[in-house]
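Open your viewer and get the cartoon view ready.

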Amino acid sequence: MPVRNRFAQLKNEIQAWRRDLHEHPELNFDTIRTAGIVKERLHEFGCDLVETGIGRTGVVGLIHGRQRSSSRTVGLRADMDALPIKENTGLPYASRHEGKMHACGHDGHTAMLLGAARYLCETRNFNGTVAVVFQPAEEGGGGGLEMVKDGMMDRFGIDEIYGMHNMPGMDIDAFAIRPGPFFASADIFRIDVSGVGGHAAQPHLGTDTTLVGCHIVVALQTIISRVVNPRTPAVLSVTSFETDTTAYNVIPQSLRLKGTVRVLDADARKLIARKLDSVATGIADAFGASAKVTFTKGYPVMVNSETETEYAAQAARRVSPKVDDTAELIMGAEDFSFMLNERPGAYILVGNGDTARVHNPNYDFNDDAIPYGCSWWVEVAENRLPLAG
């Protein structure tokens with residue numbers, strides 16, 4: 001079955017919801033207005049239960065099928081938060097809030113899941129219950145973890161769960177997915193280097209922390225190239241180098257390095273954390289300085305369940321012939337991983353066409369993707385909860 005005709009009819013309305021959300025982006029857990037709109041819409045559609053405040057500002061709606069002989073509940077999840085980016089699109093519906101922007105398409109994800117929820121409330125062509133999950137704080141806040149810690153899975157009886165993200169560069173009517181590890185873990189580190197500052201004309205009288213920091217930055221890359229198994233995808237990036245002075249003639253007393261580690265293997269993740277500490281402290285000691293490493297775990301590797309990935313791919317094939325079920329590994333992170341650690345499920349990509357990349361000030365979600373995303377969610381729900389013969 002291709003795109004549902006109902007979504008062709010509803011596209012302009014769903015697009016209007018999306019563009020309104022785009023004009024009013026909210027960050028992290030501060031998705032108060034967005035959650036309020038989601039709650040209002042779900043009530044209007046006739047959801048059987050709407051609960052707010054899940055994981056602080058998340059929303060969950062339950063839709064019961066025409067038949068209830070099945071006790072199973074399938075979860076469908078969308079993220080709601082924006083990014084701290086100044087928008088540069090010049091669109092008539094561009095962000096009204098300086099320094100905040102829907103630069104990742106979560107406005108589109110939320111609107112598409114609302115569209116699917118409306119359809120499922122109208123038709124109820126399934127046996128069991130669908131839980132529509134609207135999550136805050138995907139962009140670094142760990143909203144998925146907060147909803148899980150709030151007991152979402154048990155509270156709403158969710159047996160399996162599915163998520164979706166748009167992908168610029170893929171055709172509008174295309175989908176991509178893979179079983180097993182799909183998105184990388186995302187950890188951060190900070191390295192504080194201390195030495196003896198002084199006059200730049202007399203480096204021999206102090207400890208040149210800048211030189212120490214440069215050696216650490218270079219040496220950290222050997223962890224990936226010479227310690228981690230070369231068959232294991234891994235990225236270590238130093239993204240910030242800050243000293244305690246801005247003067248041209250002062251050797252800083254201290255400096256701070258910051259960065260991120262991305263990996264698709266749990267053992268490699270632990271190995272990198274250990275080696276990062278030993279490399280940084282060892283190099284600092286060799287130069288007569290000291291280094292303190294703070295390693296903070298973030299999102300875990302996102303792993304698609306084998307069986308549920310095939311269900312998700314089958315649903316996509318019913319919407320479009322363009323389905324890649326051997327998608328490339330992605331070194332970006334996704335906190336849907338926390339939900340997949342609790343329940344079987346799968347995460348799929350839907351094409352956004354030839355647009356700017358996500359997290360870019362010129363990005364905009366492509367509204368032509370709406371019928372495809374909505375249809376996929378409905379296909380998943382109806383086929384995972386089939387009506388009894």
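Helices and strands here are runs assigned by DSSP, numbered from the N terminus. One thing to keep in mind as you explore: this is a predicted model.

**Stop one: a loop residue**

Select A82, which you will find in the loop between β3 (73-79) and α3 (106-123). Is A82 buried or exposed? With a relative accessible area of 3%, A82 is buried. Now show its surroundings. Setting aside neighbours within four places in sequence, A82 is in contact with P25, E26, L27, M101, H102 and E139. A82 and A94 are 12 residues apart in sequence, and their C-alpha atoms are 13 Å apart in space.

**Stop two: two cysteines**

How many disulfides does a search of the whole structure find? The search finds 0. To look at one pair, select C47 and C121: C47 is in no disulfide, and its nearest cysteine sulfur, that of C121, is 3.9 Å away.

**Stop three: helix α7**

Now select residues 266-286, which form helix α7. This helix has 21 residues and reaches 31 Å from its first C-alpha to its last, close to the 30 Å expected at 1.5 Å a residue.

Colour A268, R269, I272, L276, V279, A280, I283 and A284, the buried residues of α7. Turn the view until you look down the axis of α7: these buried residues fall within an arc of 110 degrees, so they line one face of the helix. An α-helix has 3.6 residues a turn, so residues three or four places apart point the same way.

What does the buried side meet? Its residues pack against β8 (185-194), α6 (209-227), β10 (234-243), β12 (254-263) and β13 (290-299).

D265 caps the N-terminal end of α7, with a side-chain oxygen 3.0 Å from the backbone nitrogen of D267. Just after α7, select G288, which takes a positive phi of about 80 degrees.

Key:
Residues are numbered from 1 along each chain as its sequence is written. This is a predicted model: local features need pLDDT of at least 70, side-chain atom pairs count only at pLDDT 80 or more; totals for chains, interfaces and linings use all residues. Side-chain values use heavy atoms; hydrogens and water are left out. Helices (H or I, at least four residues) and strands (E, at least two) are DSSP runs, numbered from the N terminus. The expected span of a helix is 1.5 Å times one less than its number of residues. Buried means under 20% relative accessible area, exposed over 50%, partly exposed in between (1.4 Å probe, protein chains only). The arc is that of the directions from the helix axis to the C-beta atoms. Contact means heavy atoms within 4.5 Å. A polar contact is a pair of N or O atoms within 3.5 Å; within protein, one must be able to donate a hydrogen and the other to accept it, and residues adjacent in sequence count only if both atoms are side-chain atoms. A disulfide is a pair of cysteine sulfur atoms within 2.5 Å.
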